[in-house]
Amino acid sequence: MLEKQRSEIDRIDAELVKLFEQRMDCVTEIGRIKRDNQLAVFDNSREQLVLEKAQSRLQNKAYQQAVSAFFQHLMNVTKDYQNNIINHK
């Protein structure tokens with residue numbers, strides 16, 4: 001039983017990695033646009049919108065706090081990455 005669930009998590013994780021790479025490709029382009037146009041990496045209103053959208057897309061509302069934490073961490077990772085792009089022209 002445990003192995004079956006772990007196998008399912010491994011399958012899901014493989015999909016998440018693919019989606020993460022796609023997201024990071026977009027983040028890279030956004031970082032370049034922000035660098036070229038001297039825009040700030042952090043946009044509080046955009047982050048709030050992302051969190052609200054993530055919560056609204058949940059089918060199981062018991063995961064609201066967890067999905068917010070997940071997306072906040074994801075956005076922190078991407079902000080660090082964009083800052084790297086901007087600071088290393």
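Reader: Leaving aside its neighbours within four places in sequence, which residues is Lys-34 in contact with?

Author: Happy to start there, with the reminder that this is a predicted model. Lys-34 has its place in helix H1, and Gln-82 sits 48 residues away in sequence but 8.5 Å away in space, C-alpha to C-alpha. Once neighbours within four places are set aside, the contacts of Lys-34 are Leu-39, Ala-40, Val-41, Gln-82 and Ile-86.

Reader: Thanks! Is Lys-34 buried or exposed?

Author: The cut-off for buried is under 20% relative accessible area. Lys-34 has a relative accessible area of 15%, so this lysine counts as buried.

Reader: How do H1 and H3 lie relative to each other, oblique or roughly parallel?

Author: Two packed helices are described by the angle between their axes and the distance between the axes. For H1 (residues 2-36) and H3 the angle is about 45°, and the axes are 9 Å apart. That angle makes the arrangement of H1 to H3 oblique.

Reader: And which hand does the crossing of H1 and H3 have, and how do the contact residues divide?

Author: H1 passes H3 in a right-handed crossing. From H1, the residues that meet H3 include Phe-20, Ile-30 and Arg-35, while those on the H3 side include Leu-74, Tyr-81 and Ile-85. The residues of this contact divide into nine nonpolar, four polar and four charged.

Reader: Which helices are included in what covers the buried residues of H3?

Author: The buried residues of H3 include Val-67, Ser-68, Met-75, Lys-79 and Gln-82. Their cover includes H1 and H2.

Reader: At what angle do H2 and H3 pack, and how far apart are their axes?

Author: The crossing of H2 and H3 is right-handed. Its contact joins Glu-47, Val-50, Leu-51, Ala-54 and Gln-55 of H2 to residues of H3 that include Gln-64, Phe-71 and Gln-72. The packing angle is about 145°, and the axes are 9 Å apart.

Reader: What about H3: how far does it reach from its first C-alpha to its last?

Author: With 24 residues at 1.5 Å a residue, H3 is expected to span 34 Å. The reach in the model is close to that value, at 34 Å.

Reader: One last thing: which residue follows H1 with a positive phi, and what is that phi near?

Author: Most residues other than glycine have a negative phi. The residue here is Gln-38, in the loop between H1 and helix H2 (44-57). Gln-38 is exposed, with a relative accessible area of 74%. Following H1, Gln-38 has a positive phi, near 50°.

Definitions and conventions:
Residues are numbered from 1 along each chain as its sequence is written. This is a predicted model: local features need pLDDT of at least 70, side-chain atom pairs count only at pLDDT 80 or more; totals for chains, interfaces and linings use all residues. Side-chain values use heavy atoms; hydrogens and water are left out. Axes are lines fitted to C-alpha atoms, for helices over the stretch in contact, and angles run from 0 to 180 degrees between N-to-C directions. Helices (H or I, at least four residues) and strands (E, at least two) are DSSP runs, numbered from the N terminus. Angles under 35 degrees count as roughly parallel, over 145 as roughly antiparallel, 65 to 115 as roughly perpendicular and the rest as oblique. A crossing is left-handed if the near helix is turned anticlockwise from the far one by less than a right angle, and right-handed if clockwise. Contact means heavy atoms within 4.5 Å. Ala, Val, Leu, Ile, Met, Phe, Trp, Tyr, Cys and Pro count as nonpolar, Asp, Glu, Lys and Arg as charged, and the others, Gly among them, as polar. Buried means under 20% relative accessible area, exposed over 50%, partly exposed in between (1.4 Å probe, protein chains only). The expected span of a helix is 1.5 Å times one less than its number of residues.
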